[in-house]
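Reader: I've got this model open on my screen. Can you walk me through it?

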Amino acid sequence: MAKIIIGDRLTGKTTELVRESARLKAPILCIKKTDIRIINDIADQLYLEIPDPIIYVNQQSLRGKEFPNGVIIDDIDQFLRSVIGINVDIKEISLNLNALTDIKLLTKNKL
C-alpha cells in the first residue's frame, strides 16, 4: 500500500516523507546528492533516525540492495524524468487506487 503527499514547493512534503521514513524504517530514494543533505538536515531538525537516503542513478545503483520495509520516493516527477532518461514534461500520471492507503494535500499557510 502506498501514500501520496501532494503540495506546492515549501509546504512540507519532504518533511512528511522524513517522518514516514523514520516510522517505516524505509529509505528515501532521491536523484541528487543535495537531496540527501536536505533530507538528513530535516531528520536532524526533527530528532528522527532514518535509514540512509539513496541516490537513484539507474537500476545498477540499486543492484544487490534489499528493501524489506519498502522505499519512499521524494519528488516523483523528477524521479520519473531521471528513470526515463530525458527531460520530459509529464502531463498525467495514473495510479491504481487499490494500491493507495492515503492521499494527503499540503498547502501553504496564507496569512
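Author: Let's start with a term: a salt bridge is a side-chain nitrogen of Lys or Arg within 4 Å of a carboxyl oxygen of Asp or Glu. This is a predicted model, where local features need pLDDT of at least 70, side-chain atom pairs count only at pLDDT 80 or more, and totals for chains, interfaces and linings use all residues. Residues are numbered from 1 along each chain as its sequence is written, and side-chain values use heavy atoms, with hydrogens and water left out.

Reader: Is Glu-16 buried or exposed?

Author: Glu-16 pairs with Arg-19 in a salt bridge at 3.3 Å, N to O. Buried means under 20% relative accessible area, exposed over 50%, and partly exposed in between (1.4 Å probe, protein chains only). Arg-19, at 40%, is partly exposed. Glu-16 has 14% relative accessibility, so Glu-16 counts as buried.

Reader: And Asp-35: what is its relative accessibility?

Author: Asp-35 forms a salt bridge with Lys-32, the closest N and O atoms being 3.9 Å apart. Lys-32 counts as partly exposed at 37%. Asp-35 counts as buried, because its relative accessibility is 11%.
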